[in-house]
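The following exercises concern the geometry of a protein model. Each task is followed by a solution in steps.

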2 protein chains.
Amino acid sequence: MEEYINIGKRIPKADAFEKATGKAIYIQDLKLPGMLYGKILYSKHPHARILKIDTTRAEKLPGVRAVLTGYNIPPIRFGFYKDNVPLKRDKVRSYRDEVAAVAAISPEIAEEAIDLIEVEYEPLPAVFDPEEAMKEGAPLIHEDHVSLKDKKPTNVLNLPWKLVSGDIEEARRNSAHIVEDRFKVTWVTHCCLSTSGCIAEFDLRNNLTVYSTTQCANLAQREFKDALKAMGLGEERNVRIIKTTIGGAFGSKLDTYPFEYITILLAYKTRKPVKIVFSREEEFFATSPRQPAIIDIAQGCTRDGKLTFRDVSMILDNGAYTSWGATTPTVMMMPISSLYKVPNVRFIPRCVYTNNTYSQAMRGYGTPQPTFAIESQIDHLAEEAGIDPMEFRLLNANQPGEITPQKFKISTCGLSECIEAVGEKLNWKIKRGQRNGRGVGMASLIHVGGGARVYKSDGCGTIVKIDDFGHVDVFTGATDMGQGSDTVISQIVAEELGVRVEDVTLINNDTEICPWDVSSHASRTTFVAGNSARMAARKVKEQILELASKSLGENPEDLDIRDRIIYSKRDPEKKSPIGKILRAAHYTSGGKMVMAEYFYDPPTENLDREFKGNFSVTYTFGTHGVEVEVDKETGEVKVLKYVAAHDVGKAINPMLLEGQVYGGAVMGMGYALTERLILDKGKVKNPNFLDYKILTAKDIPPVIETVVVETEDKEGPFGAKGIGEPGLVPTAPAIANAIYDAVGVRIKELPITPERILRALKELKK
Amino acid sequence: MEEYINIGKRIPKADAFEKATGKAIYIQDLKLPGMLYGKILYSKHPHARILKIDTTRAEKLPGVRAVLTGYNIPPIRFGFYKDNVPLKRDKVRSYRDEVAAVAAISPEIAEEAIDLIEVEYEPLPAVFDPEEAMKEGAPLIHEDHVSLKDKKPTNVLNLPWKLVSGDIEEARRNSAHIVEDRFKVTWVTHCCLSTSGCIAEFDLRNNLTVYSTTQCANLAQREFKDALKAMGLGEERNVRIIKTTIGGAFGSKLDTYPFEYITILLAYKTRKPVKIVFSREEEFFATSPRQPAIIDIAQGCTRDGKLTFRDVSMILDNGAYTSWGATTPTVMMMPISSLYKVPNVRFIPRCVYTNNTYSQAMRGYGTPQPTFAIESQIDHLAEEAGIDPMEFRLLNANQPGEITPQKFKISTCGLSECIEAVGEKLNWKIKRGQRNGRGVGMASLIHVGGGARVYKSDGCGTIVKIDDFGHVDVFTGATDMGQGSDTVISQIVAEELGVRVEDVTLINNDTEICPWDVSSHASRTTFVAGNSARMAARKVKEQILELASKSLGENPEDLDIRDRIIYSKRDPEKKSPIGKILRAAHYTSGGKMVMAEYFYDPPTENLDREFKGNFSVTYTFGTHGVEVEVDKETGEVKVLKYVAAHDVGKAINPMLLEGQVYGGAVMGMGYALTERLILDKGKVKNPNFLDYKILTAKDIPPVIETVVVETEDKEGPFGAKGIGEPGLVPTAPAIANAIYDAVGVRIKELPITPERILRALKELKK
């Protein structure tokens, strides 16, 4: 097998030095000449009419440059459902509703001005429970929103999401065992260490530049362009997004937010650069968390443990506005239809407006919720069938070549190997079933591993150029928000070109410079941006070998590059440093410097009208296992050992891969055990790290072991599949299953707090 | 003829708004976090031994972060002759010699620290006249510099420049008329409105970024890379040059300067970004002016006025170090060999070290000096031959198809048209020869118009990409230092692509992003960068038409794009907006976004060992004419009318072209009449705009008329040739000739001051 120089190596992150020494420039650090500071006034009620807004005192405050309300801005609408506006008029629908905004010469003056704005409200009845909100007579969040069916006003969104494959009723009849459960998951938030923010600036031709922490620069660009159109600035105005260092995103920076449009409006009004950066409190209550869900699920199996059907219905709290949270059902379909071989599936989700906060993407995007339900219930079903849950999983594990009920084409699949590895590492056969306060549990995942055609394009472009010294510049559409994609793409380009990763400078931060990319989501960057970068590098390499063939007197196909040396494969004594060949080609009449570009869009399908189709080139699988200790007196859960096995295709950088898995597992443990954004009648009660409990270094289990299963996907760059999100997907059910194994109680609601365990233990004793 | 949408249009400069409103970011405006400020201590003597440098008091000053001298820096050498170092040790050779440098937390502290450095000197005999410096026993500027011939120490540089074609002695014998003159020109400086400066910063891997006002980013990059090597940082360190807005360059920012290396060394020592920006005084005495020359010239002609020979020898004051000034003879050869048809030519230049300032490039680069001599003397010779000097010029004018004694291949040539146009506009036949205090004069020029292969590569690269909305990004190697190349390149790309210039964003400021370009010099940018941009745009267009052919059901070759619409040339009703086609191609499985790159290097030759060869693809010609009034009492010269006729190939942007010509003419008038950097025993006596007299708005002649001769060069982008420098080349001789016509005195030394005219008038009366 080929020995790689850059691939499969534990190369430190490209930006590690800068971040560790404080040199990296975050949005917090950035200051433009003449820049103003913006602040936002939020609603005082979860649901109320706005009777009057008096901004006169704020406007008179020295240092204030602009005060905006919903009554003096152009009609910009945004969000998946176009039901959101930058500043609200007539009524507010949640506590995070933006009512007014100020730009001033300092953040302090802006804050003071915000306090001087007087808003008169008439409170309205509010609804915070999606099941309540679905009832007739419930307060209407958007009065003009009507059902497509009966044209009556409703809080239930008109969304087409629904998946049916096979015949559930028939399958029920043919099942030896059936279990039915209701699971609940609540809001959790991303907890990015750098809060959100942006700077907007117009040039003198009204072209807009936004310095942003977005993970989707090209999507934001398009939406801001629409906003400029709504502002009456015409279609030709250009929007440039410049990304600063991103201190975590995890999906939170996928959709655009009101604060961004507010910043743009303030910049337009003042003709100055304007910056809005969230406080930690705003980050907690005014960004969009993972969507909560009420999940009713039934699964059945044959006598010998073969899954027969899976039937899921779900109620999703949409909050007051519609961001990407409402689209999570399209991804929920993936584990529901395709985690394990299950011939008949049905999924009926409903998204319901409430006066709560609204949700959007968060790592795993719609898979952690159903996977918690499915995998908790797999244990339940296995128990009913009298089969060891690991055996049950192996029996039903996906296999290469399979086509799932949602028409996913499984190419490589290492699920069985993952299950077996976890079993072995946990000493499953010995430890399982003691019910002595210690227990083991496992759960698996399926995820897209080769992009995901959720938009019409799933593409990414790359430009590669190489200088006279063999230094390589790579312009990629990809966004490194901390996950390390810059490093991985550099490794891919360096390997393809036969140079070293330190020879590569990666440029990823400017829509004007970087080719288009749909964004960093769906764990697609290593696969899609990686393939794009590899193909651009290959074009560069072909040109170099063509140039070298003349001076080395060999056919290009007999040449290769390794460690900065071009050599003949037939006669390795024929060789030359790459820089020498490049300079010779350059320093001559009609000379040439080598550059190339490539746009890669994977050969996949959008889901069809039935929400079926092969929307990723390949799928990734994994199994996590835990050993826990449960204190029956306190209800406290201690994770003693954590094993994460992933089919990654190929580990481009095992160190970064492990980092992704560690980070995912810890985030998953928070989801399972400690994290919840507490909303009390729509109001976030714990908008800080004291009251919102993420796991810190001292909470990490003593052992987190990663098992890397390399299935060498033939479509992936050097065989790799995506691995950004999977790390947290099966954590919660693995822990829930281990708790059940330890103490015999099954907690069906996240987070699994000591109180919930104690209550369940009490129930058990009855 | 094709009607262009963008070419030939008077489109305002791309950066006009930003510059007019103060939004453009010059090096003066730029501040990096933690940045320190550097200052330089210069020599107190024109020639002296350094006995001792005591920096202890400076080092102790609070706020000082580093003090460097020639004794604590690594051995970096630079300049054309590698005879310069960042900070001098052992001895100083001119007043501008850098002796020590400081980095401190404020410019004021740095300045104070500079004053605290004590240097003990032992003054040495100095020499300021190059003719003196050539004599045996003259003080030696570089003791270790020896003649290649006799190995004896000498101040005469070992340079191979020499051009001989034909037989001068034979030609002399065959001449009916011969004239011999000595002309002298002195130092003039560029007077950039933004003074020079840079910021250097090392990253944590010792890669270097320099924020710079260079007009040759890729050459500076290479030299700084050599410096890093000399600093022991290895070969793999990357150097990135980021250009700020450049407030004029005119050649002054072609070579690297000691201050840049000093900034780099201070940044390396302090591990902080360090900025050095010149004061106006430093800009005058520590940047490198146009080289002075003593020119001995003889020309002859036949009885009927055909030039027979041109014989030039020249002494060039090299100053104490060797920058590009020493290479000007390679360009002086151009007018000497090829302005007018002259069958026999000889040129023997000598560059001589003195204790004066040293020179480098300035607009016209070696052509204004000999053109002053040649064209003043053409009038002299015509008079001897009894032929009207305009007729004389027409008789000898270059013609298309000619190959000159230096082996230049003249393709397009509008010289005769230019001469005739100037004659007509000046009413030459009527006004000439009155000698009544008013006079007319003219002079012509030849210049490279299609690049100039002075380096091994004369290339420039371009990358073009187009987004879903038809917005085009162009990354060019070209440098816009105020001349408007961004606008011209945008016009070329827009025209080629069938969009509008406002659809184009031009990116030209970063070596990491922009493809390689040899630099903005030799009036090559419109031609070379323009061709490169056009070819990249053409590749983009081909891809777009290929994509459109499917949806419009036409062959790509039957399609074209005009004003953002793709249409069928056969059936204009078949059409689609460009954005629609691009989005359709993009938003699909296996989709594509369009990008392309091109590296253009013209098909030219380096000059051979005899300094002959076709080193430009095409040549540009022009004639300037003036009408002057000379006050015989005061010697004052008033330019009443100025006519500038240029063969430009094709005017891409007539407004910017006129701007170049106006600017050139005014700069040329300064060279002719008012400007001189006065050196008194090596010391610049007038380092400010009060004592150094550039022409201002009130000095501009009432009429400057431009005549654009379009010869539609077939190699140029849309027919264009370069026009950056020519505008000032013939000004001085045109004025000198007009003065002679007005009052009968020929001033052979620049500038033509009232004193010199009065003295000559006095001589005349004798």
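**Exercise 1. Determine what the buried residues of α12(A) pack against, and check the length of this helix.**

Step 1. The buried residues of α12(A) pack against the helices α11 (389-396) and α13 (428-431) and the strands β16 (438-448), β24 (619-630), β25 (637-647) and β28 (703-709) of chain A. Helices (H or I, at least four residues) and strands (E, at least two) are DSSP runs numbered from the N terminus. The model is predicted: local features need pLDDT of at least 70 and side-chain atom pairs pLDDT 80 or more, whereas totals for chains, interfaces and linings use all residues. Residues are numbered from 1 along each chain as its sequence is written, and chains are lettered from A in the order in which they are written.

Step 2. The buried residues are L415(A), C418(A), I419(A), E420(A), A421(A), V422(A), G423(A) and L426(A). A residue is buried with 20 or more other C-beta atoms within 10 Å of its own, exposed with 12 or fewer, and partly exposed in between, the C-beta atoms being placed from the backbone.

Step 3. At 1.5 Å a residue, the twelve residues of α12 (residues 415-426) of chain A should span 16 Å, and the 17 Å between its end C-alpha atoms agrees with this. The expected span is 1.5 Å times one less than the number of residues.

Step 4. After α12(A) comes N427(A), with a positive phi near 60°.

**Exercise 2. Describe the surroundings of F80(B).**

Step 1. F80(B) lies in the loop between β3 (64-69) and β4 (91-92) of chain B.

Step 2. Because F80(B) has 17 C-beta neighbours inside 10 Å, it counts as partly exposed.

Step 3. Not counting residues up to four places away in sequence, F80(B) touches T322(B), S323(B), W324(B), A326(B) and T327(B). Contact requires C-beta atoms, placed from the backbone, within 7 Å.

Step 4. The C-alpha atoms of F80(B) and V342(B), 262 residues apart along the chain, are separated by 32 Å.

**Exercise 3. Which rotation superposes chain B on chain A?**

Step 1. Two copies of a chain are related by a rotation about an axis and a shift along it.

Step 2. Here the rotation is 180°, with 0.0 Å of shift along its axis and an RMSD of 0.0 Å. The least-squares superposition uses C-alpha atoms of residues with pLDDT of at least 70 in both copies.

Step 3. The two copies are therefore related as by a two-fold rotation axis.

Step 4. Of the interface residues of chain B, 98% are also interface residues in chain A, so the copies meet through the same surface.

Note on methods
Contact = placed C-beta atoms within 7 Å.
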